[in-house]
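Hi everyone, thanks for coming. Please have a look at the sequence and the model, and then I'll walk you through a few places in it.

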Amino acid sequence: MTIRPILIAGDPRLVTPATPVAVFDDELAAFVEDLFETLAAANGAGLAANQVGDPRAVFVYDLVDDGTRHRGHVVNPVLETSGIPETMPDPDDLEGCLSVPGEWFPTGRAYRARVTGADRRGEQVTVAGTGYLARCLQHETDHLAGRLYLDRLLGRNRRAARRMIKARQWTEPGRSWLPGTDPGMDEF
């Protein structure tokens, strides 16, 4: 298994919609394990393939919500949600991203989400949840649609994110960080 570098906002691969997976083989299974290894090293909750520069439609998740651990992966996910709020989110309703390291912004998400797709063997899977798990499912499927959570920000939060990106000079492709080796990056 390999820990892969995680792309940082500004890289065009993060805003390019994923390619559906057509081949379910040992290479895909190994790639899913690499995603889990990278996610664990980064201390994250979810990781999409395009965050490590791979165009395939697959993501992994590993998080604890209300005392229950949720761990799995979905290939070619299709998302369904309850209503998504269209007003400014609660300032304490923070969301972060491994491709936007060290930053957190209030982000409105649907309370319920369900993702259907396949596992690494091509067998159908369904993952449904509320709260934190629902947020993660929405966040990761957004990645595979070529969308960062920053794109969902409203008003002053959107302006603050734009200033942050400019200040960090995240406007050029090719920036990344390697979980477990880049000082300070694993502590957000």
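Let's begin with a question: how far apart are the end C-alpha atoms of α1, and what should its 17 residues span? At 1.5 Å a residue, the helix should span 24 Å, and the end C-alpha atoms are 24 Å apart, so the two agree. The expected span here is 1.5 Å times one less than the number of residues.

A word on where this comes from: this is a predicted model, in which local features need pLDDT of at least 70, side-chain atom pairs count only at pLDDT 80 or more, and totals for chains, interfaces and linings use all residues. Residues are numbered from 1 along each chain as its sequence is written, and side-chain values use heavy atoms, with hydrogens and water left out. Helices (H or I, at least four residues) and strands (E, at least two) are DSSP runs, numbered from the N terminus.

Let's stay with α1, which covers 26–42. Its buried residues include L28, F31, L35, L39 and A42. Buried means under 20% relative accessible area, exposed means over 50%, and partly exposed is in between, using a 1.4 Å probe and protein chains only. The buried residues of α1 pack against β1, β2, β3, β4 and β9.

R56 lies over the face of F31, at 4.5 Å from the ring centre, and R71 lies over the face of F36, at 3.8 Å. To count, NZ of Lys or CZ of Arg must be within 6 Å of the ring centre and within 35 degrees of the ring normal.

N43 has a positive phi of about 55 degrees although it is not a glycine. N43 counts as exposed because its relative accessibility is 54%. Q169 has a positive phi too, of about 60 degrees, and is not a glycine either; look for Q169 in the loop between α3 (155–168) and β9 (176–177).

Now for the inside. Which residues have the most contacts in the largest nonpolar core? They are L47 and V100, in a core of 32 residues. A nonpolar core is a set of buried Ala, Val, Leu, Ile, Met, Phe, Trp, Tyr and Cys residues joined through side-chain atoms within 4.5 Å. Its largest share, 7 residues, comes from α1. As for L47, the residues it touches include I6, L35, L39, V52 and F59, where contact means heavy atoms within 4.5 Å and residues up to four places away in sequence are not counted. A second, separate core has 17 residues, among them A48, F59, L133 and L137.

A pair of aromatic rings is described by the distance of the centres and the angle of the planes. Rings of Phe, Tyr and Trp (its six-membered ring) pair if their centres lie within 6.5 Å; planes under 30 degrees apart are stacked, over 60 edge-to-face, and the rest tilted. The count comes to 1 pair: F59 and Y61, tilted, at 6.2 Å centre to centre with 50 degrees between the planes. F59 is buried at 0% relative accessible area, and Y61 is buried at 7%.

Last, the cysteines. How many disulfides are there? The search finds 0, a disulfide being a pair of cysteine sulfur atoms within 2.5 Å. The sulfur of C136 is 10 Å from the closest cysteine sulfur, in C97, which is too far for a bond. C97 is buried at 5% relative accessibility, and C136 is buried at 5% relative accessible area.
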